[in-house]
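Could you show me how to read helix packing and salt bridges in a structure? I am new to this one and would like to go step by step.

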Amino acid sequence: MAKILIDADGCPVVDMTIALAKRFGWPVLLICDTSHEMHRDGAETLTVSKGADAVDFVLVNRVQPGDIVVTQDYGLAAMVLAKRGVPIDQNGRVYDEGNIEQLLHGRHVAKKIRQGGGRMKGPKKRQQADNDKFRDSLISLLETRKDSL
């Protein structure tokens, strides 16, 4: 049975995802570490030890083909794609083979700039339009994948 897995550490759309999953009959698994522990009605929670990428490794080991994964981590999204899952970010961008390589390259370049002492702009303040785009994209995924259940 397909499910939604959420990289829940710092994810701004947890409650919206759970509400939409409930509406479409999809089970939800929140994965977080001990410093971000959370529990929500309508979702199972798996709490893992703190550590670099601990949540990512647990999540990628649980993802199955057809599962939807909510994450803003490009590296995790790439691993989810390799396991034939469907990653989506908190702004509604669905990661796919056509965009992941460019995103990973951009992340690599930004890291090199920071390591060299350069500065990068942080993310823009979250707007209602970001929530709307996420909602619309997730609904589209849930509707097109309802046969996966």
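The dialogue below takes up helices and then salt bridges.

Q: What should I know before I start?

A: This is a predicted model, in which local features need pLDDT of at least 70 and side-chain atom pairs count only at pLDDT 80 or more, while totals for chains, interfaces and linings use all residues. Residues are numbered from 1 along each chain as its sequence is written, and side-chain values use heavy atoms, with hydrogens and water left out.

Q: Which residues of helix H2 are buried?

A: Helices (H or I, at least four residues) and strands (E, at least two) are DSSP runs, numbered from the N terminus. Buried means under 20% relative accessible area, exposed over 50%, and partly exposed in between, with a 1.4 Å probe and protein chains only. In H2, residues 54–62, the buried ones are Ala-54, Val-55, Asp-56, Leu-59 and Val-60.

Q: What do the buried residues of H2 pack against?

A: Their neighbours are strands E1 (4–7), E2 (28–33), E3 (44–48) and E4 (68–70), together with helix H3 (74–82).

Q: How do H2 and H3 cross?

A: Axes are lines fitted to C-alpha atoms, for helices over the stretch in contact, and angles run from 0 to 180 degrees between N-to-C directions. The axes of H2 and H3 come within 10 Å and cross at roughly 15°. That makes H2 roughly parallel to H3 (angles under 35 degrees count as roughly parallel, over 145 as roughly antiparallel, 65 to 115 as roughly perpendicular and the rest as oblique). Contact means heavy atoms within 4.5 Å; here Asp-56, Leu-59 and Val-60 of H2 meet Leu-76, Met-79 and Val-80 of H3. By class, this contact of H2 with H3 has five nonpolar, no polar and one charged residues (Ala, Val, Leu, Ile, Met, Phe, Trp, Tyr, Cys and Pro count as nonpolar, Asp, Glu, Lys and Arg as charged, and the others, Gly among them, as polar).

Q: What covers the buried residues of H1?

A: The buried residues of H1 are Val-14, Thr-17, Ile-18, Leu-20 and Ala-21. What covers them includes E1, E2, E4 and helix H5 (128–144). H1 and H5 pack at an angle of about 30°, with their axes 11 Å apart. That makes H1 roughly parallel to H5. The residues of this contact of H1 with H5 divide into eight nonpolar, two polar and three charged.

Q: How many salt bridges does a search of the whole structure find?

A: Side chains of opposite charge can pair when their charged atoms come close. A salt bridge is a side-chain nitrogen of Lys or Arg within 4 Å of a carboxyl oxygen of Asp or Glu. The search finds five salt bridges. In one of them, Lys-3 and Asp-67 meet at 2.6 Å, N to O. Lys-3 lies in the segment before E1 and Asp-67 in the loop between H2 and E4, so this pair ties together parts that are 64 residues apart in sequence. Lys-3 counts as buried at 19% relative accessibility, and Asp-67 counts as buried at 0%.

Q: Where are the partners Arg-40 and Asp-15?

A: Arg-40 forms a salt bridge with Asp-15, with the closest N and O atoms 2.7 Å apart. Arg-40 is in the loop between E2 and E3 and Asp-15 is in H1, 25 residues apart. Arg-40 is partly exposed, with a relative accessible area of 31%, and Asp-15 counts as partly exposed at 48%.
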